[in-house]
Amino acid sequence: MHNSLSERDQQVNWHPYTQMQTAPPPIGIVRGEGAVLYSEDGKEYIDAVSSWWVNIHGHAHPHIAERVSQQLHTLEHVIFAGFTHAPAVELSERLLKLLPANQSRVFYTDNGSTAVEVALKMALQFWFNQGINKTKIIAFEGSYHGDTFGAMSVSERSVFTRPFQQYLFDVAFLPVPVPDQEEAVLAQLEKLLAQEDIAAFVFEPLVLGTAGMVMYSPEIMDKLLALCRERNVVIIADEVMTGFGRTGKRFACDYLNQEPDLMCFSKGITGGTMALGVTTCSHQIYASFLSEDKTKALFHGHSYTANPIACAAALASLDLVEAAEFQENLTCISSSHSAFVKSLVGKPGIKEIRQTGTILAVEFEVDQTSYFHTLRDDLYNLALDNGVLLRPLGNIVYVLPPYCITSAQLNQVYGVIEKMRLFVAESF
Ligand SMILES: *Cc1c(COP(=O)(O)O)cnc(C)c1O
């Protein structure tokens, strides 16, 4: 008699963002294919959140599996200081071709938090290397840039960061320029930028994910960035969530006229196959580190930096990103979401509906909004019971599907959201 994965897990594992004492047993997953996850007890779940936003082409994609497997038999890893290899060279060459024209160098790490951490260090050392005293960073209220200390510092201060509060560095927070706040935020940024010591502005372009899929327009972002440009503030676009098609274009920055100085990527970059972080920068940033003086180098690196397997997975994912079918899928999901949004407008239980490209967020009308409100768990369980994986953020449920999701599967997801709406409308 064998114990289930779920039972064995509960003896040995500690899960992220989970109160282990009260959390229900984890669901053991034995296989994935396309948008569907298969559990050890024979159930199927549509992965409508792309497994924490990473899986963009579907699970166990044969092309990625093939390329990763070839790479495993060629070179699994090599130190990336003093050495290089084909997957890293090719990936950087291909990635830079797709990014805003000013991006000229690629720095590898292994997750989104470290991609941001490196961008912050690059921005601060950019000024330090020139002997200029600019040390303050601006970030959006409600933003999420990761869980390491630097990334936490530029993120919203919340119950998640409270135990570490005294170790987080000081940041100037700017409200998000949502539609009715645009002019006020612009004025506030102008005021902030009057301070001489502003080093950088870090932001999630167009959509703040963890904040609850909070959205704002490319036009206002361009205006904010133009101000930063005028004031010589380093611009850091955190595309960890928005990158690789999420917003309907290849990158959220493709909606902007302004070019960021630094860009951060992870999540979708390998199609959700391997852990990989990427920070890219303009020549101006890179050049400030060039010197006969060794201490002006960037002293940052991880043992698995530019891992060849991860780079091979990213290259295979890029093949799919550059295929014609990719944009067709994005358009198809976007218009499907739009039609669903129209059907929800004005219905009881709905507070607000937001959409940018393949990202759909439905905010339910409730008395009290909190991550710990039981509604969140009720909605989560309702979705699972109906064969769909959705992870509401408080009273906000969002859909962020793999781009291979079929219209039948999308309709099943919408059906679950409609059930959630009825549940909310009846309960409150
Ligand atoms: C998820 C996320 C991160 C952190 O990435 P990890 O790989 O989870 O460390 C950073 N920024 C944004 C915008 C994210 O969504």
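Modeller: K267 lies in the loop between strand 11 (262–265) and strand 12 (277–282); strands (E, at least two residues) and helices (H or I, at least four residues) are DSSP runs numbered from the N terminus. The model is a predicted one, in which local features need pLDDT of at least 70 and side-chain atom pairs count only at pLDDT 80 or more, while totals for chains, interfaces and linings use all residues. Residues are numbered from 1 along each chain as its sequence is written, and side-chain values use heavy atoms, with hydrogens and water left out.

With 22% relative accessibility, K267 counts as partly exposed, since buried means under 20% relative accessible area, exposed over 50%, and partly exposed in between (1.4 Å probe, protein chains only). Beyond its neighbours within four places in sequence, K267 is in contact (heavy atoms within 4.5 Å) with W52, W53, V54, V240, M241 and G272.

G301, for its part, is found in the loop between helix 9 (283–287) and helix 10 (308–321), and at 54% relative accessibility G301 counts as exposed.

Turning to the strands, an open sheet of three has the order 13-14-16 with antiparallel pairing; two strands pair if DSSP finds at least two bridges between them. Strand 13 (350–356) and strand 16 (396–399) are at the edges with a single partner strand each, so one side of each has no neighbour in the sheet. Strand 14 (residues 359–364) is joined to strand 16 by four bridges, and E363 stands opposite I396 in strand 16. Helix 11 (residues 324–344) packs on the sheet and touches strand 13, strand 14 and strand 16; its direction makes about 165 degrees with that of strand 13. Axes are lines fitted to C-alpha atoms, for helices over the stretch in contact, and angles run from 0 to 180 degrees between N-to-C directions.

Among the helices, helix 7 (residues 182–192) and helix 8 (residues 218–230) pack at about 10 degrees, with their axes 10 Å apart.
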